[in-house]
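I opened this structure to look up a few things and wrote down what I found. The entries follow the order in which I looked.

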Amino acid sequence: MSKAEYVPPKVWKNTQSGGQFASINRPIAGPTHDKTLPVGKHPLQLYSLATPNGIKVTILLEELLALGHSGAEYDAWLIRIGDGDQFSSGFVEINPNSKIPALLDHSATPPIRVFESGSILLYLAEKFGEFLPTDPAGRTETLNWLFWQMGAAPYLGGGFGHFYAYAPEKYEYPINRFTMEAKRQLDVLDRRLAESAYLAGDAYTIADIAVWSWYGKLVRGDLYGAAQFLAVDQYPHVQRWAQVVADRPAVIRGQRVNRTWGDEASQVPERHDAADLD
Ligand SMILES: N[C@@H](CCC(=O)N[C@@H](CS)C(=O)NCC(=O)O)C(=O)O
């Protein structure tokens with residue numbers, strides 16, 4: 001069956017094309033409704049969901065707690081992005097971009113808002129002095145890979161994942177385009193991880209947390225059901241690293257926070273105490 005070719009009009013019109021997430025896509029920013037965010041008992045208030053961008057932050061917070069930083073105790077509130085919670089007035093105040101994760105640090109006056117998962121990782125790593133080397137070379141290499149992830153993952157998620165898993169129909173052109181890029185990115189990681197244990201060198205850093213949450217999950221078959229399609233066995237160094245990171249207790253704990261799918265034991269929709277995960 002051939003389809004009529006799409007000819008873009010002179011000015012784009014908002015005709016819904018369907019597909020998963022179509023209901024939350026809008027061409028404007030700003031809030032859709034008035035609602036304040038709940039605030040719990042800890043200084044750190046996280047508003048999130050256990051997507052790859054969301055788990056970066058909960059993994060880091062659980063890592064900090066595992067090291068004994070009691071100041072990293074946090075309340076994690078659920079933002080149901082499928083229901084449009086990210087467009088509430090309260091959420092938009094802490095993230096004008098209406099995307100999870102977003103963090104409010106009440107230990108400062110006035111509280112400090114932090115949005116963009118990379119910015120949150122950097123903020124917490126600096127606040128607690130962990131998972132970010134202090135020597136200029138190590139710190140810069142960590143930030144190189146952290147910023148690499150922030151720039152690369154939209155091609156994996158918004159590009160490959162969207163057209164492979166979520167678009168209402170399978171279109172060969174974008175799937176080819178973004179598969180090419182996803183595989184190139186995996187090869188970038190594989191070559192890097194062939195020469196060092198972790199992305200920034202010998203130490204596990206916020207760069208590993210950020211990259212693992214997308215690419216580690218991808219090669220372990222936890223993202224888009226695409227492991228076979230992407231022939232992830234071609235990346236043995238990524239696989240080795242992904243397994244080491246996956247085995248960390250804080251990584252296992254962090255992935256359960258703000259999770260509302262999968263088997264019931266893995267779901268902790270809200271987290272207010274360590275005991276919520278025990
Ligand atoms: N660059 C942002 C991306 C965040 C992002 O895309 N979050 C998604 C979930 S993974 C979201 O909130 N989507 C809701 C929407 O697009 O309305 C970050 O890393 O924090």
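I started with Glu141, which counts as partly exposed at 22% relative accessibility. I kept in mind that this is a predicted model. Glu141 meets the side chain of Arg192 in a salt bridge, 3.7 Å from N to O. I noted where the two sit: Arg192 is in helix 5 (residues 172-195) and Glu141 is in helix 4, 51 residues apart.

Next I searched the whole structure for salt bridges and got twelve. I looked at Arg253 and Glu62, whose side chains meet at 3.1 Å, N to O. Arg253 lies in helix 8 (residues 249-254) and Glu62 in helix 1, so this pair ties together parts that are 191 residues apart in sequence. Arg253 is partly exposed at 22% relative accessibility, whereas Glu62 is buried at 3%. I also found both residues in a network of salt bridges that links Glu62, Glu73, Arg253, Arg271 and Asp278.

I then checked Glu63. Its salt bridge is with Arg248, and the closest N and O atoms are 2.8 Å apart. Glu63 belongs to helix 1, while Arg248 is in the loop between helix 7 (236-246) and helix 8; 185 residues separate them. I recorded Glu63 as buried, with a relative accessible area of 4%, and Arg248 as partly exposed at 25%.

**Two domains**

I looked up how the chain is divided: domain 1 covers 44-131 and domain 2 covers 136-247. Their C-alpha centres lie 22 Å apart. The contact takes 15 residues from domain 1 and 16 residues from domain 2. The area buried between them is about 1300 Å², and carbon and sulfur atoms give 73% of it.

Which three residues supply 40% of the area that domain 1 buries against domain 2? I found Pro52, Lys56 and Phe131, which give more than any other three residues.

I counted one salt bridge between the domains. I also noted a salt bridge between the side chains of Arg139 and Glu126, at 3.2 Å from N to O. Five residue pairs are in polar contact across the interface. On the domain 1 side, helix 1 and helix 3 are the elements that give two or more residues. Helix 1 gives the most, with seven residues.

**Helix 3**

I checked the length of helix 3 (residues 117-128). At 1.5 Å a residue, its twelve residues should span 16 Å, and its end C-alpha atoms are 17 Å apart, which agrees. I listed its buried residues as Ser117, Gly118, Ile120, Leu121, Leu122, Leu124, Ala125 and Phe128.

What covers these buried residues? The cover includes strand 1 (44-48), helix 1 (52-66), strand 3 (102-105), strand 4 (112-115), helix 4 (136-166) and helix 6 (206-219). Just after the helix, I saw that Gly129 takes a positive phi of about 65°.

My last entry is Ser48, which is found in strand 1. Is Ser48 buried or exposed? At 1% relative accessibility, it counts as buried. Leaving out residues up to four places away in sequence, I found that Ser48 touches Gly54, Trp77, Leu78, Ile79, Ile100, Pro101 and Asn258.

Notes:
Residues numbered from 1 in each chain as written. Predicted model: local features only at pLDDT ≥ 70, side-chain atom pairs only at ≥ 80, totals over all residues. Heavy atoms only, no water. Helix = DSSP H or I, 4+ residues; strand = E, 2+ residues; numbered from the N terminus. Expected span 1.5 Å × (residues − 1). Buried < 20%, exposed > 50% of the residue type's maximum accessible area, 1.4 Å probe, protein only. Contact = heavy atoms within 4.5 Å. Domains from an automatic or database assignment. Buried area = accessible area lost by both parts, 1.4 Å probe. Salt bridge = Lys/Arg side-chain N within 4 Å of Asp/Glu carboxyl O. Polar contact = N/O pair within 3.5 Å; in protein donor to acceptor, adjacent residues only side chain to side chain.
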